[in-house]
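Please look over the sequence and the model shown here before reading the report.

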Amino acid sequence: MPPVIREYVPLAPLTTFELGGPARFFCQAATSQDVVWALRWARDENLPVFVLGGGSNLVVGDAGFPGLVLQLIARGLEFRSQGDHVVLEAQAAEPWDDLVAAAVARDLAGIECLSGIPGTAGATPIQNVGAYGQEVADTLHALRVLDRRSLEVRALPTAECGFSYRNSVFKREPGQAIVLSVCFALRPGAQPVLAYRELANALAGHARPSLSEVRETVLDLRRKKSLVYDARDPNRRSAGSFFTNPIVSADQAAAVSAQAVDEKLVQAPEEVPQYPLPDGRVKLAAGWLVERAGVKRGLRMGPVGVSGAHALALVHHGGGSTADLIRLAVHVRDTVAARFGITLQPEPVFLGVTWPPRIFSAQGSWVESISR
Ligand code: EPU
């Protein structure tokens, strides 16, 4: 039985922002055959296709999406021993945190620091999800993908995913492949990774923390930043970090530190959070830049605002629109750019809405808005 296609399905309830218009067409696919059928249908109808995961890193435009939204619904976890590793294979629609909890419960190391992240397992490679010193690319062993052009299923080794900080070939070239399942190579009984200072500090009293202690500590840290979904939390309607941490040259990072000292934002340059990268560049903390540029936690712009718990998370408080959210995001981006000369890039995927918002010029072409 082929899957059904429905029209005008509201997308807002399928996103953590709870914003955006409907999908013109919507289809749930339980098998790879269902996916192929839906892709063929969309091709015959000449419609664009968007594959929806958990909707936790997604901004949908107020007019919705004029094509087919495809939601994979296959779930399931499978553990296989392979040499000194255990391979955990998850079907795309498995909630990510169930995977982490299952691995930790079996004392399998590799993804424990990625506890409490919303969304589905199949979506994690798209933006190479990372937190507290681990990222998906570190342990992802292989993926099963459906090639959208040939409609064939194939195994894709991690080396072909083009992973970098919050990026992958899937994000850079959308429309090429659909992730059907992900395989992680986990290490039985191995020590947890404590590379992130905030996490190491929180676990300082534990000589040899277990994987479940690491998981609980990460969950606590994330809860304090409103980054674990809780229906009673006023900061819950968000996509986590709205902007990625900017990667700048060492000179630029030094200039920001010097400016921060000059302006008495810090006493010493090393108080500006910075993470040197192997290629000589430096990752700065977008949340720090946002706050020090003068955008306060808890700022409200009508029905949207900045999270009271973390300056990098934008929040919808209910009754708002995606246009409200975009206006706020532009305000944050421009405030940081005016103060520090760094243009923040958003982390979520945009559907049916362009980022950055553009202006149609008198010369008859679209230009990027620079409202500084
Ligand atoms: N900071 C501020 N003000 C804020 C928030 C942060 O000054 O409002 C400062 C902190 O004091 C710290 C630095 O900025 O010195 C970094 O903050 P934090 O440790 O909270 O991490 P982050 O860089 O803001 C990143 C990821 C998170 C991930 C955490 C923990 C990005 C864009 N964000 O946040 O990922 O959970 O590290 O590893 O890389 C996400 O991608 O959605 C996400 C939540």
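This is a predicted model: local features need pLDDT of at least 70, side-chain atom pairs count only at pLDDT 80 or more; totals for chains, interfaces and linings use all residues.

Residues are numbered from 1 along each chain as its sequence is written, and side-chain values use heavy atoms, with hydrogens and water left out.

The domain bounds come from an automatic or database domain assignment.

| Domain | Residues |
|---|---|
| domain 1 | 5-72 |
| domain 2 | 77-224 |
| domain 3 | 238-367 |

The centres of domain 1 and domain 2, taken over C-alpha atoms, are 25 Å apart. Contact (heavy atoms within 4.5 Å) joins 14 residues of domain 1 to 14 residues of domain 2.

Helices (H or I, at least four residues) and strands (E, at least two) are DSSP runs, numbered from the N terminus. The axes of helix α2 (residues 96-105) and helix α6 (residues 211-224) come within 9 Å and cross at roughly 150 degrees. Such axes are lines fitted to C-alpha atoms, for helices over the stretch in contact, with angles from 0 to 180 degrees between N-to-C directions. Angles over 145 degrees count as roughly antiparallel, and α2 and α6 are therefore roughly antiparallel to each other. On the α2 side, D97, V100, A101 and V104 meet L211, S212 and R215 of α6.

A nonpolar core is a set of buried Ala, Val, Leu, Ile, Met, Phe, Trp, Tyr and Cys residues joined through side-chain atoms within 4.5 Å. Buried means under 20% relative accessible area (1.4 Å probe, protein chains only). Which members of the largest nonpolar core touch the most other members? They are F242 and L289, out of 38 residues. The largest share of this core, 8 residues, comes from α9. Domain 1 and domain 3 both give residues to this core, so it lies between them. Not counting residues up to four places away in sequence, L289 touches P246, V256, L284, V336, F340, I342 and L344. Another core, of 36 residues, lies apart from it, and W96, A121, L156 and V214 are among its members.

L11 sits in the loop between β1 (5-10) and β2 (22-29). L11 is buried, with a relative accessible area of 2%. Leaving aside neighbours within four places in sequence, the contacts of L11 are G21, P22, A23, F26, V60, F65, V69 and L351. One of these, P22, is 11 residues from L11 in sequence, and the two are 5.1 Å apart in space, C-alpha to C-alpha.

Technical notes. Angles under 35 degrees count as roughly parallel, over 145 as roughly antiparallel, 65 to 115 as roughly perpendicular and the rest as oblique. Buried means under 20% relative accessible area, exposed over 50%, partly exposed in between (1.4 Å probe, protein chains only).
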